Amino acid sequence: MSEFEAVIGLEVHVQVKTRSKMFTRAATGYGLPENTLTDPVVLALPGTLPVMNRAAIDAVIKSGLMLGCEIAPVCKWDRKNYFYPDLPKNYQITQYDQPICKGGSVEIELPGPARNVMGEHKHIPLTRIHLEEDVGKLNHFARDSLIDFNRAGTPLMEIVSEPAMHTADEAFAFLTALRTAMIYGAISDCDMEKGQLRCDANISVRPAGEAVLGTKVELKNLNSISFVRDGVAQEIARQLAIVRSGGRIEQETRDFDGQTGASQVLRSKEQAHDYRYFPDPDLMPVKVDDEWKRRIRASCPELPFEKQRRLFDRYHIPYTITSVLVPDPELSDYFEKAAASSGQPQAAGNWVVNDLLRELGQAKLPLGECKVRPEDLADLVKLVASGTILTPAAKEVFSEMFKSGEKPEGIVERKGLKAGTSPDDLERWCREAIAGDPRAAAEFRAGKESAINAFKGPVMRAAKGKANPKTVDETLRRLLAQG
Amino acid sequence: MESETFYGSIAGLAARLDGRKLSAVELAQCLIRRTKAVDPAVRAFNSFDEADALAQARASDERRAAGKPLGPLDGIPIGIKDVIAVEGQPLTASSRMLAGFVSPYDSTAARKLREAGAICWGRLNLDEFAMGSSTENSAFGATRNPWDLERVPGGSSGGSAAALAAGEACAALGSDTGGSIRMPAAFCGVVGLKPTYGLVSRYGLIAFASSLDQIGPFARTVEDAAMVLNAIAGHDPHDSTSFRVEIPDYRSEIRKRSGPWKLGIPKEYFGEGLDPEIGAAVEAAIRFYRERGCEIKEVSLPHTRYGIGAYYIIATAECSSNLARYDGIRYGHRSKDATDALDLYFRSRAEGFGAEVKRRIILGTYVLSSGYHDAYYLRAQKVRTLIRRDFLNAYLEVDALLTPISPVLPFKAGEKAADPLAMYLCDIYTIGVNLAGLPGISLPCGFSKSGLPIGLQLIGQPYKEAELLAIASAYECAHDWHTRHPDMDKSIAAWNAKTQARASR
Amino acid sequence: MDEGKQMSGSARLDIDHVAKLARIALTAEEKAQFSEQLGDILAHVAQLKEVDVTGVEPTAHAFPVFNVWADDIPQPALPVEAALRNAPAQRDNMIVVPKVVE
């Protein structure tokens, strides 16, 4: 591909998680019986008027601040006029030339050389972010279509990237990073299956080093983050094949089919809409002052990659663990509590990403319903670190904690899982072991270090695995030295 | 005398209701009898739910009898222009597009009237979707001027004005986008008020031009108009363009204020094209105010001549977008012949809308379309700023402006129907007020030699309705135009004679 | 935004194109009649070209105010029956439309 480069821009729609709709107070929701989330405004009945949802504006300002955007001091609402059965007013209220956020960027992480090695980080610049309202849902049948307006009017944030990505991997990384940031900010749950995050891609190719953009193709219906990567990759390949054979790219909109991996023309340029934008006379403009911004900034969370870096810098948590913790803010909060409480961050990290996640997965339980409190996991970690119990015993304790929520100390007591034995017992088992293998004893005394291992097996067996290996080793050496 | 009731003022009727000299049901029945007698000729009503009206009247009497707290308009029937939503009642905009549509929700204005105890009284005819100046554009048939049934009552709120003039309602709500309250009020010899933009909620008013529309009262007297205004005015959280202003008791404000005032006479409103009889009547009114001690000052609103152009660009642009929702999908007329969803839009809208509505949608779509937006829409909004500035500059020197309302007397039905532009030019004295968002009131100030009503317009400062009403009241108290009513028996007899003569030709 | 086109004194708007944008099927007679009538109106409107609008802001709202909004508190929805009461065609609590051809 070295003689050409692909240029990709993404247009992402994120449904803002408010309780009521963008321009009316009918409730938002998903999966509810059809047309139960409507009111006269949603249905665009004669005489109805829009009223802005304040929480939606707060959410987009927060998103803008999180992503380093410039928040417009004043912004307004415009009508985008077109006819479609899922658009009740046959115009959509949106922001055309005065969006609430401009600029900004999304930090992305590309795949590394191996799965457990962190890849390159980059910043993908954004063009703008604005708010608009979502449309209803059309269900198609053989001879007709049915319309459900439950989704109509839900607040939608449109995030437009600069045409600054060049590979399908970058597009994938962008969406993943954006999604995690939105979850961190409690802006949206970004569940693509529920339509809470949608993505269209604009793709073009040009000779490498060329500044002017090639003809762009819009790719729609990219219903999952994987489909975005696949669709983008497929479209790049399609365009390269055309230009390499001397052909011309047509400006068109294409529909991606995730099952077949192919795309088809949806609309050619000639059928482009004339949206006749004009400022919506029913809505007043929004003025964002410094005090408002300051208040929202105070509620902004630490960003995902900032956390990743901090966990590494402060706790030396390796990428294998942070790559699992960071995308899930609830999980990483859990981890941090356990880490702080136990004073053993790396061990806590291991327990969280291995044992805890495995148990949660098997039980199909969300973290919020887990019976193991982070403080209790921390206690378990401390018990192992102090040598009070050994790792195999700790696994057993954890299983029990997960089932019952009981504290680790109680389980250890109850099941008698304490590591170590009485010093007298240990003394006796070591003497017996040494006595039982005089040849090894002689070899050790003669200088063969590894001979000591011959005694460890019998001692551990006698101790039923509860002896502390370090103490066993020390005791054996002392006795062997005595002759 | 029945006519004392069906031509009674709200203030007078309220006193009789309070004094138990009249019950709400008796009042309602009197108006119903009157309506049945004259409306076949006048055609003010699109529909009238008699059972519902009487039930509301009974409820008012029951409240009164039980000693419950009463609203200031308790038991008073107020007609509703068929563009203002009343829950459970038809909402047709006098259009085939909405024939059969029943509103599942209340407009804020109707709700507030009910809270004041008033009876929402039938559905009054209008030019389809409030687009017109004669009520001839109604899909359900034209309303006629009670003073001369061969002539138009004005528009678009022709039904509201005619109902009052014919004694079919005590008061009425209309809507005014370019003169649709003030002009029919003048044509029918009643009082009509367009409030400052933002004073009365537009929630539940079928939108024509969002930045120009206002709901306002028709009444027999300025005091009555003040009472209705008090009931419907005030900030509404459902309407983002409604303003937070303190609403005074307009009636008592009128009594407190007696001037003298400084009145401006915009010279551009008295030029060529103004019917001389109208000019004379308005000049007489000017003389009255001068004799009353008011300073009369000639002012200039230099951008007046651009008003029609700016208005017809802005209003049609907004309406082309506001009427996009009428597509036969979720409600309204749906064509039976459509082959697919796209075809459904084209056919339903072609079948549902009348010619004037189609014309305005086409014009509005054009002025917003790609390549034309800046030259038309954007420029018109800038000219609008200049028009508004003209008024605000004038108000640095005067309290209010006095002008004619219409350049022509009530014209004959059909006279202007073929020439839309000629019809539009009738709005020349009223549209500036909408473009500037100011309050304007129309009150009767005389009659032509042929017995047709003439109205004068007072234009006030933003949110200063109290002052405006006081200035209007001062004129009204010294004249009796508002006590004159058409002789409906004579009008109907003349009408019947002419109709029979035409039929037998 | 767009530039370029000026108000034309003898404007003939492309009525086919505009009627299509507005989704109204006009008869040939209507197209002819409206073209002429709207031509007259546009000729009158062209007067606006004379006005010097240098430095003049377009009126956005008659008396502008900022930040008019409501708190995010959901209100009861319209019951489905009321929502669909005026629907020309419905099935399974949804509005039916003829096939949408993309």
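Predicted model: local features only at pLDDT ≥ 70, side-chain atom pairs only at ≥ 80, totals over all residues.
The extent of the interface may be considered at the outset. Chain C contributes 32 residues to the contact, and chain A contributes 47 residues. Between them, the two chains bury about 3600 Å², and 62% of this area lies on carbon and sulfur atoms. Within chain C, the residues that lose the most area to chain A are Trp69(C), Asp72(C) and Met94(C), which together account for 18% of what that side buries.

Polar and charged groups also take part in the interface. Across the boundary between chain C and chain A, 17 residue pairs are in polar contact, counting pairs in which both residues have a pLDDT of 80 or more. The side of chain C that touches chain A is made up, by class, of 21 nonpolar, four polar and seven charged residues. One salt bridge is found across this interface. In this salt bridge, the side chain of Arg91(C) meets that of Asp144(A), with a distance of 2.8 Å from N to O.

Which elements of chain C each supply at least two residues of the side that touches chain A? They are β1 (69–70), α3 (80–83) and β3 (94–98). The largest share, five residues, comes from β3(C).

The strand β3(C) also pairs with a strand of the other chain. Four bridges join β3(C) to strand β11 of chain A, residues 144–148, and the two strands run antiparallel. Within this arrangement, Ser145(A) stands opposite Val97(C) of β3(C).

Methods: Residues numbered from 1 in each chain as written. Chains lettered and ligands numbered in written order. Heavy atoms only, no water. Contact = heavy atoms within 4.5 Å. Buried area = accessible area lost by both parts, 1.4 Å probe. Salt bridge = Lys/Arg side-chain N within 4 Å of Asp/Glu carboxyl O. Polar contact = N/O pair within 3.5 Å; in protein donor to acceptor, adjacent residues only side chain to side chain. Nonpolar A, V, L, I, M, F, W, Y, C, P; charged D, E, K, R; others polar. Pairing = 2+ DSSP bridges.
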